[in-house]
Amino acid sequence: MVGRRQLREKVVQTLYAYQQNPKSVDVVLKNMMKEISKIYDLYVYELNFLFAIHQLAEEQIEIGKRKYIKSEEEANPNLKFVENKVLLQIISNDERGEYTANNKQLMWDTNDDLVVKTYQRIKAGKRYKDYMESAESSFEEDQKFIGKLFLRYVAENEDLHDLLEGKEMAWADDVHIANSLIQKTIGFMKPEQESHTLIKIIKNYDDESFAKTLLAQTALNWDNTEKKLEERLQNWDLERVSLMDKVILITALSEMDEFKLTPSSIIINEYIEIAKVFSSDKSNVFINGILDKYAKDNSRI
């Protein structure tokens, strides 16, 4: 599921766009929830990438078997990869299958250049060769192998990242969230216990309410919160603060005002981490100083 950190990120991203192209708060809220739902599409799309690689491996085995003159490897293929228990659980997952059937744009063709190229890279890699030659056969080995394979050939696949950004602009910012969901999906799998569902994007109503309230209150009270920010800038004009830093700061100040039961230390740490993702290298120090001063001025625990 998407945690509070990721929800805060989506609020910041949405407010950044809002400041550049103001719309009604209702429209902005609707757009944010739509963007959050697209993370699920990306999550399924990447799972289907693994599915397509598995399909391609099966196809290659069948092509080898049909050859008139076969090598020993083609006549007696090593089935360890195509029989990987974790991959088979991903393939048989009902929710993935049903959602893909209703959203065919999330499918991959085994003839896709990226699928073929990635499969070739996997087969040429030492980790794949060691796995295929290993005499061990356990769910734990399969799970560990697929986890590392995903990180190396999907999560760190720059060609895939470029393709994702071309399909959905927001996916470039959200791919790390989808990658985290897939790592959890793989990690949660257990032997002899098939997985029929996928991870939900928003855990419950409380998380959805948090994101909506934070966005709405920050947007509606922007001018007042901006004044609070300006009062705490020392030897620094508000105009010199970058738009992204301003959005992060005003969102954080709004959360301190609106969600008083959340300790200020948690809020400050969350937005420092967000600054590391979206702002310059020096922004997190600047943001930390402003938020710490605001918390102390307001006797926030």
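**Before you start**

This is a predicted model, in which local features need pLDDT of at least 70, side-chain atom pairs count only at pLDDT 80 or more, and totals for chains, interfaces and linings use all residues. Residues are numbered from 1 along each chain as its sequence is written, and side-chain values use heavy atoms, with hydrogens and water left out.

**Stop 1: the whole chain**

Show the chain as a cartoon. The C-alpha atoms fill a box of roughly 80 × 35 × 35 Å, taken along the principal axes.

Of the 301 residues, 49% count as buried. Buried means under 20% relative accessible area, exposed over 50%, and partly exposed in between, using a 1.4 Å probe and protein chains only.

Now think about contacts, meaning heavy atoms within 4.5 Å. Among contacts between residues at least 6 apart in sequence, 81% join residues at least 24 apart.

**Stop 2: the largest pocket**

Select Gln 13, Thr 14, Ala 17, Glu 35 and Ala 170. Of the 21 lining residues of the largest pocket, these are the closest to its centre. The pocket has a volume of about 560 Å³.

A pocket is found on a 1 Å grid over the protein atoms alone, as an open set of points with protein on both sides within 12 Å along at least five of seven lines; lining residues have an atom within 4 Å of a point. Grid points are joined across faces, edges and corners, and the volume is the space filled by probe spheres set on the points.

Which elements give two or more residues to this lining? They are α1 (4-20), α2 (25-66) and α10. The largest share, seven residues, comes from α1. By class, the lining has ten nonpolar, five polar and six charged residues. Here Ala, Val, Leu, Ile, Met, Phe, Trp, Tyr, Cys and Pro count as nonpolar, Asp, Glu, Lys and Arg as charged, and the others, Gly among them, as polar.

Stay on Gln 13, in helix α1. Gln 13 is buried, at 16% relative accessible area. Not counting residues up to four places away in sequence, Gln 13 touches Asp 173, Asp 174 and Phe 278.

**Stop 3: the second largest pocket**

Select Ile 61, Glu 73, Pro 77, Tyr 119 and Lys 123. Among the 19 residues lining the second largest pocket, these lie nearest its centre. Its volume is about 440 Å³. Two or more lining residues come from each of α2, α3 (72-75), α6 (113-124) and α7 (126-133). The most, five residues, come from α2. The lining divides into nine nonpolar, five polar and five charged residues.

Next, pick Met 132 in helix α7. Is Met 132 buried or exposed? Met 132 is buried, with a relative accessible area of 13%. Leaving aside neighbours within four places in sequence, Met 132 contacts Asn 78, Lys 80 and Phe 81. Then draw a distance to Lys 212: the two C-alpha atoms, 80 residues apart along the chain, are separated by 48 Å.

**Stop 4: the cavity**

The structure holds one cavity of 30 Å³ or more. A cavity is a set of grid points where a 1.4 Å probe fits but cannot get out. About 40 Å³ of space lies in the largest cavity. Select its lining: Leu 47, Gln 89, Ile 90, Asn 93, Thr 185, Met 189, Ser 195 and Leu 198. Four are nonpolar, four polar and none charged.

**Stop 5: a helix pair**

Select residues 158-167 (α9) and 171-188 (α10). Their axes lie 9 Å apart, at an angle of about 125 degrees. That makes α9 oblique to α10. Angles under 35 degrees count as roughly parallel, over 145 as roughly antiparallel, 65 to 115 as roughly perpendicular, and the rest as oblique. Axes are lines fitted to C-alpha atoms, for helices over the stretch in contact, and angles run from 0 to 180 degrees between N-to-C directions.

Show side chains at the contact. From α9 come His 161, Leu 164, Glu 165 and Lys 167; from α10 come Trp 171, Ala 172 and Val 175. They divide into four nonpolar, one polar and two charged.

**Last stop: Glu 192**

Select Glu 192, in the loop between α10 and α11 (205-220). Glu 192 has a positive phi of about 60 degrees although it is not a glycine. At 85% relative accessibility, Glu 192 counts as exposed.

Terms used
Helix = DSSP H or I, 4+ residues; strand = E, 2+ residues; numbered from the N terminus.
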